[in-house]
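Here is a friendly briefing to read alongside the model. Please keep the sequence and the 3D view open as you go.

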Amino acid sequence: MHDHAPDARYDLLVVGSANADLVIGVERRPAPGETVLGSDLAVHPGGKGANQSLAAARLGARTALLARVGDDDHGRLLLESQRAAGVDTDGVLVGGAPTGVALITVDPSGDNSIVVSPGANGRLTPEDVRAAAPLLAAARVISVQLEIPLATVAETVRGRGPETRLVLNPSPPAPLPADVLAACDPLVVNEHEARYILGDGAGRTPQDWAPALLALGPRSVVITLGAAGALVADSRTDSLDHLVGPRVEAVDTTGAGDAFTAALAWRLGRGDGLREAAAFAVRVGAAAVTARGAQDAFPTLEEVDAL
């Protein structure tokens with residue numbers, strides 16, 4: 001257990017990305033040189049960082065977001081959605097580049113193709129993190145992903161307080177420095193991310209991956225398995241637990257991993273053990289797939305309890 005700073009102002013600080021998701025439904029994706037007609041454009045607030053902070057706030061966490069958006073309509077949409085959910089946006093920097101955008105086409109089967117323009121997310125710098133030192137010091141748990149520069153993630157790891165727990169979801173996956181891996185408690189990966197990190201040496205099953213990931217240095221590892229729940233491995237107890245979630249009718253899995261990670265990080269900040277926090281997070285992830293969209297589908301605590 002970590003001795004949490006009793007005066008921490010935030011259960012959770014998310015350092016990460018904020019995107020506008022521009023979504024168009026298509027009958028089929030265009031071939032090179034071809035034009036297809038699509039549905040009306042829908043614009044949703046997204047990005048892994050903004051998704052996590054909003055998901056935690058909706059559950060009741062005292063949450064802050066450190067991110068960068070453009071001085072544009074998409075940036076204002078993101079700020080408004082965060083504030084409406086109760087997220088502290090004092091750490092959201094404005095300007096330097098257009099707000100990040102994900103261009104998403106969705107076909108009738110639900111398959112999507114996504115092009116991401118990082119925009120302002122790529123301009124969230126280590127200097128920005130250093131300037132936000134009081135924000136990092138005021139958080140029990142800090143959650144990071146990889147939709148911002150890796151140097152900024154590394155600076156977040158170095159700049160956190162001695163009692164601040166770090167949760168990292170390496171998405172989109174990239175090689176991680178040893179000092180970043182060593183700080184993860186837990187490292188949260190899905191099956192694709194686990195295979196990427198382990199490379200050719202990955203075993204056949206998630207039960208093989210968990211100890212192999214722990215051997216790379218993180219203090220604990222959580223592998224999300226979609227409808228099958230999650231695997232939790234903790235170096236302190238040398239335990240491996242498979243947690244199964246409630247059976248639900250999945251409508252849209254967008255953002256479910258972000259909701260899971262946010263819920264896990266929040267519960268760890270409240271003092272729950274890793275297994276207990278992950279069991280709750282599995283329920284949150286299950287609730288998040290029962291409605292369309294990412295942020296629109298993130299559940300309240302009441303909705304999680306009703307599962």
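Let's start with a pairing: Ser220 stands opposite Asp234 in strand 12. This is a predicted model, in which local features need pLDDT of at least 70 and side-chain atom pairs count only at pLDDT 80 or more, while totals for chains, interfaces and linings use all residues. Residues are numbered from 1 along each chain as its sequence is written, and side-chain values use heavy atoms, with hydrogens and water left out. Helices (H or I, at least four residues) and strands (E, at least two) are DSSP runs, numbered from the N terminus.

**Strand 11 and its partners**
- Strand 11 (residues 220-224) and strand 12 run antiparallel and are joined by 5 bridges; two strands pair if DSSP finds at least two bridges between them.
- The hairpin of strand 11 and strand 12 has 5 residues between the strands, and Gly226 there takes a positive phi near 60°.
- Strand 10 runs parallel to strand 11, with 3 bridges joining them, and Leu187 stands opposite Val221.
- Strand 11 is mostly covered, as 5 of its 5 residues are buried (buried means under 20% relative accessible area, exposed over 50% and partly exposed in between, with a 1.4 Å probe and protein chains only).
- In a regular strand the side chains alternate between the two faces of the sheet.
- Here both faces are covered: Ser220, Val222 and Thr224 are buried on one side, and Val221 and Ile223 on the other.

- An open sheet is formed by 4 strands in the order 3-2-6-7, with mixed pairing.
- Strand 3 (42-46) and strand 7 (112-117) stand at the edges with a single partner strand each, so one side of each has no neighbour in the sheet.
- On average, neighbouring strands of this sheet are turned by 25° against each other, direction ignored.
- Axes are lines fitted to C-alpha atoms, for helices over the stretch in contact, and angles run from 0 to 180 degrees between N-to-C directions.
- Strand 2 (residues 19-25) pairs with strand 6 (residues 100-106) in the parallel sense over 7 bridges, and the bridge partner of Asp21 in strand 6 is Ala102.
- Helix 2 (residues 73-85) lies across strand 2, strand 3 and strand 6, and runs at about 55° to strand 3.

- Asp88 lies in the loop between helix 2 and strand 5 (92-94) and is buried, with a relative accessible area of 18%.
- The side chain of Asp88 reaches the backbone nitrogen of Asp90 at 2.8 Å.
- Not counting residues up to four places away in sequence, Asp88 touches Arg9, Tyr10, Thr63, Ala64 and Leu65 (contact means heavy atoms within 4.5 Å).

**Backbone points to check**
- Most residues other than glycine have a negative phi, and most peptide bonds are trans.
- The peptide bond from Ser171 to Pro172 is cis, with omega near -5°; Pro172 is found in the loop between strand 9 (165-169) and helix 6 (178-183).
- The peptide bond from Asp185 to Pro186 is also cis, with omega near 10°, and Pro186 is found in strand 10 (residues 184-189).
- Asp238 has a positive phi of about 55° although it is not a glycine; Asp238 sits in the loop between strand 12 (230-234) and strand 13 (239-243) and is exposed, with a relative accessible area of 73%.

**Helix 9**
- In helix 9 (residues 256-269), 13 of the 14 residues are buried, so this helix is largely enclosed by the rest of the structure.
- Gly271, whose phi is positive, near 105°, follows helix 9.

Definitions and conventions:
A polar contact is a pair of N or O atoms within 3.5 Å; within protein, one must be able to donate a hydrogen and the other to accept it, and residues adjacent in sequence count only if both atoms are side-chain atoms.
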